[in-house]
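Reader: Could you walk me through this model, taking one region after another?
Author: Gladly; ask as we go.

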Amino acid sequence: MTPRPSPLHVAIVGAGIVGLAHAVAALDAGHRVTVVEQDSAAVTASVRNFGHACVSVQAGEIGELAVRAREIWLDLIDRTGLEARVSGTLAVARSAAEAAVLEDLAARDTAMPSELLTGSAAGRVLGTAGSAAEPRAGLLLPNDLTANPRTAVARIAAWVDAHERGEVRFATTATAVGTGVLTTSRGAIRADRIVVAAGHLLSRLLPGTAEAGEVRECALQMTRVVAPAGLALGPAVLTGTSMLRYGAFAGPAAEALRAEILRDRPELLEIGANVMFTHQQDGTLLVGDSHEDFDSAPPFMHERWSRLLLDEAARVLGLGSGADFEVVERWQGVYATSARQDLLVESPIDGVTAVAVTTGVGMTVGLALGERVVAGF
């Protein structure tokens, strides 16, 4: 019998979903864990998103990780009591080109189930059946999850901190990292393994790794609105622009759709739009989003971009314009992005691993990526 490896002390920089994924995996593997987070709570990428684990529309390595991450999400719902549900995803087609993309995906043999819907069936989900806003078709992807991004990572962090071998130190800034030691604003932490999961802030600790990985910042614009009266709590909703962003939709039909949008709605491509929304249990919709890359993202948001996104979401729901929404909040999200790779996993120093999801799907794949990295310790 192979002897069980001795437990390690794993120090983790970052209490976002990727850092906490490593914490959960390390605790489950029998290790001791210390997480440090510079802020007093998670306030960046992991709380500024849709809360959408969009498993069904991923492909390749990302798709494989997403399938495994879904299993971990379901387990964490039971263990931590986090606010999440199997919501499914509805991809909505409003043109023949969009419908062709959905038909193409539905015809493939994929790991995730799907159901091609008529326009009236999709309209019943959206409350637009029989109206001028009734879609041409829809694709229901029933296995996807929606979490409350405001509370999900906080619940996981609380679970880690309450674990007999876990600790989360908020308001503690990592200032240097080396083999066996993580230096912080509250003293040094000795550890057998160190994971730097600082997202777009990776360069503050490991600038060479961030530069080699071409890690930049992607800024996006999001809005929370009151759901229209009569709209039942339902699936996350994707639209035509979403079909250009996720790997499972890729193919000739998606390229034909890109040409159509470039011809008819070029402004949506100019702002990197992914017009979609998730329905939260408090009766609000999280609506977004745009994408713009920077070395350091400025805090300023374009009101025109917000109006474009809200107008598109309003059309899906049969409203006159985005002005018909009651806006509760607007905010800017920022996450790590890279033209070089979708996942950054590097060990620039012995015993130190830098990990980042650099394609905007941290909530979808982060839990499985953490499990994979920890299994290699």
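**Helix packing, sheets and a pocket**

Author: In this predicted model, let me begin with a pair of helices: H1 passes H5 in a left-handed crossing.

Reader: At what angle do H1 and H5 pack, and how far apart are their axes?
Author: Helix H1, residues 17-28, packs against helix H5, residues 152-162, at an angle of about 35 degrees, and their axes are 10 Å apart.

Reader: Which residues in H1 and H5 meet?
Author: From H1 the residues are Ile17, Leu20, Ala23, Val24, Leu27 and Asp28, and in H5 they meet Val153, Ile156, Ala157, Trp159 and Val160. By class, this contact of H1 with H5 divides into 10 nonpolar residues, no polar ones and 1 charged.

Reader: And which strands does H5 lie across?
Author: H5 lies across S2 and S9, and its direction is at about 125 degrees to S9.

Reader: How do S2 and S9 pair, parallel or antiparallel?
Author: Strand S2, residues 32-36, pairs with S9 in the parallel sense, over 4 bridges. Within that pairing, Val36 has Arg169 in S9 as its bridge partner.

Reader: What is the strand order in the sheet of 6 strands?
Author: The order is S9-S2-S1-S13-S21-S20, in an open sheet with mixed pairing. Its edge strands are S9, residues 166-169, and S20, residues 343-349, each of which pairs on one side only. Neighbouring strands of this sheet are turned against each other by 20 degrees on average, with direction ignored.

Reader: Then how do S10 and S11 pair?
Author: Strand S10, residues 174-178, and strand S11, residues 181-184, pair in the antiparallel sense over 4 bridges, and the bridge partner of Ala174 is Thr184 in S11. The two strands form a hairpin with 2 residues between them, and Gly180 in the turn has a positive phi of about 80 degrees.

Reader: Which sheet has S10 and S11 in it?
Author: They belong to an open sheet of 3 strands in the order S10-S11-S12, with antiparallel pairing. S10 and S12, the latter covering residues 187-190, are the edge strands, each pairing on one side only. In this sheet, neighbouring strands are turned by 20 degrees against each other on average, direction ignored.

Reader: Changing topic, where is the cis peptide bond?
Author: The cis peptide bond joins Gly288 and Asp289, with omega about -20 degrees. Asp289 is found in the loop between strand S17, residues 284-288, and strand S18, residues 292-294.

Reader: Now the second largest pocket: how much space lies in it?
Author: About 260 Å³ of space lies in the second largest pocket.

Reader: How many residues line it, and which lie nearest its centre?
Author: The lining of the second largest pocket has 14 residues, and those that lie nearest its centre are Arg94, Glu98, Ile261, Arg265 and Glu312. The elements that give two or more residues to this lining are helix H7, residues 252-264, and helix H9, residues 303-316. H7 gives the most, with 3 residues.

Reader: What does the lining have by class?
Author: By class, the lining of the second largest pocket has 3 nonpolar, 4 polar and 7 charged residues.

Key:
Residues numbered from 1 in each chain as written. Predicted model: local features only at pLDDT ≥ 70, side-chain atom pairs only at ≥ 80, totals over all residues. Heavy atoms only, no water. Axes fitted to C-alpha atoms, helices over the stretch in contact; angles between N-to-C directions. Left-handed = near helix turned anticlockwise from the far one by under 90°. Contact = heavy atoms within 4.5 Å. Nonpolar A, V, L, I, M, F, W, Y, C, P; charged D, E, K, R; others polar. 1 Å grid on protein atoms, 1.4 Å probe; cavity = no way out; pocket = protein on both sides within 12 Å on 5 of 7 lines; lining within 4 Å. Points joined across faces, edges and corners; volume = space filled by probe spheres on them. Pairing = 2+ DSSP bridges.
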